[in-house]
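Work through the exercises below with the structure open. Try each task before you read its solution.

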Amino acid sequence: MIATDPTIQSLIQAVEAADSPAKLVGAVRALAQTRSTAAIPTLIRALGFNNPGAALAAVSGLVALGEEAVPDLLAQIDGYNYGARAYSLRALAAIADPRALDVLIKAAEADFAPSVRRAAIKGLGQLRWQQLEPTERESAQSQALKTLLLVAQDADWANRYAAIVGLQSWITSAGLVNRSSALDQLDQLAQTDPDGAVRARATLAKQHLA
């Protein structure tokens with residue numbers, strides 16, 4: 001049931017007035033549960049409150065709102081607060097709207113914050129390509145794959161690990177477009193990566209895709 005405007009306003013005010021971490025988490029959670037588009041700006045602000053519980057509640061609320069939250073999330077990506085940026089990317093990745101493609105590519109390739117990069121890398125594999133017109137779909141899928149293949153060779157093992165998760169999801173969702181190059185990259189990681197966790201995850205991905 002969608003809450004009425006006065007109720008939404010009172011819940012927004014409760015978020016702003018919260019004077020303890022626990023109260024903030026409760027207030028954000030209550031606001032998120034309304035699933036009202038009027039809550040979107042406040043939920044996005046909550047991503048940067050330096051309160052992980054509140055941020056996770058806000059992410060859940062934004063994901064529940066789905067495509068309606070995407071324009072505001074894209075417009076308000078925080079360029080300074082990497083924690084807020086990571087939570088925004090997590091929400092966009094979970095919503096999986098292909099409008100986030102460019103933001104995810106930029107963050108996956110070049111963001112200075114490891115948590116932001118990993119969220120974006122995983123998100124690239126999960127996008128709902130069927131929302132795009134056929135003429136746009138192949139190009140978008142190829143752009144995402146190019147970035148995943150690049151990151152799969154990153155110096156940081158955690159980014160390579162995230163790339164495997166992204167590649168596995170990409171192969172599952174993208175159909176036959178360039179599937180062979182993605183599978184070849186998984187083979188290479190499974191056989192030659194210097195990190196045991198990366199090799200194991202690549203092997204697991206291959207097993208799931210067999």
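**Exercise 1.** In this predicted model, find how α6 and α8 are oriented to each other.

*Solution.* 
Step 1. Take the angle. α6 and α8 pack at about 10°. Their axes lie 8 Å apart.
Step 2. Apply the cut-off. Angles under 35 degrees count as roughly parallel. The two helices α6 and α8 are therefore roughly parallel to each other.
Step 3. List the residues that meet. From α6 come Tyr82, Arg85, Ala86, Leu89, Arg90 and Ala93. From α8 come Ser115, Val116, Ala119, Ala120 and Gly123.
Step 4. Sort them by class. This contact of α6 with α8 has seven nonpolar residues, two polar and two charged.

**Exercise 2.** Which residues line the largest pocket, and which element gives the largest share of the lining?

*Solution.* 
Step 1. Note the volume. The largest pocket holds about 160 Å³ of space.
Step 2. Name the lining. It consists of Gly83, Ala86, Tyr87, Arg90, Ala93, Ser115, Ala119, Lys122 and Gln126.
Step 3. Assign elements. Two or more lining residues come from each of α6 (82–95) and α8 (114–124). The largest share, five residues, belongs to α6.
Step 4. Sort by class. The lining of the largest pocket has four nonpolar, three polar and two charged residues.
Step 5. Link back to Exercise 1.

**Exercise 3.** Describe how helix α1 packs with helix α2.

*Solution.* 
Step 1. Locate the helices. α1 spans residues 5–17, and α2 spans residues 21–32.
Step 2. Read the geometry. The angle is about 155°, and the axes are 8 Å apart.
Step 3. Apply the cut-off. Angles over 145 degrees count as roughly antiparallel. So α1 and α2 are roughly antiparallel to each other.
Step 4. The crossing of α1 past α2 is left-handed.
Step 5. Name the contact. α1 gives Ile8, Leu11, Ile12, Ala14 and Val15. α2 gives Leu24, Ala27, Val28, Ala30 and Leu31.
Step 6. Sort by class. The contact of α1 with α2 has ten nonpolar residues, no polar and no charged ones.

**Exercise 4.** What are the angle, the crossing and the contact of α10 and α11?

*Solution.* 
Step 1. α10 covers residues 157–174, and α11 covers residues 179–192. They pack at about 145°, with axes 10 Å apart.
Step 2. The crossing of α10 and α11 is left-handed.
Step 3. In α10, the residues are Arg160, Ile164, Leu167, Trp170 and Ile171. They meet Arg179, Ala182, Leu183, Gln185, Leu186 and Leu189 in α11.
Step 4. By class, the contact of α10 with α11 has eight nonpolar residues, one polar and two charged.

Definitions and conventions. Residues numbered from 1 in each chain as written. Predicted model: local features only at pLDDT ≥ 70, side-chain atom pairs only at ≥ 80, totals over all residues. Heavy atoms only, no water. Axes fitted to C-alpha atoms, helices over the stretch in contact; angles between N-to-C directions. Helix = DSSP H or I, 4+ residues; strand = E, 2+ residues; numbered from the N terminus. Parallel < 35°, antiparallel > 145°, perpendicular 65-115°, else oblique. Left-handed = near helix turned anticlockwise from the far one by under 90°. Contact = heavy atoms within 4.5 Å. Nonpolar A, V, L, I, M, F, W, Y, C, P; charged D, E, K, R; others polar. 1 Å grid on protein atoms, 1.4 Å probe; cavity = no way out; pocket = protein on both sides within 12 Å on 5 of 7 lines; lining within 4 Å. Points joined across faces, edges and corners; volume = space filled by probe spheres on them.
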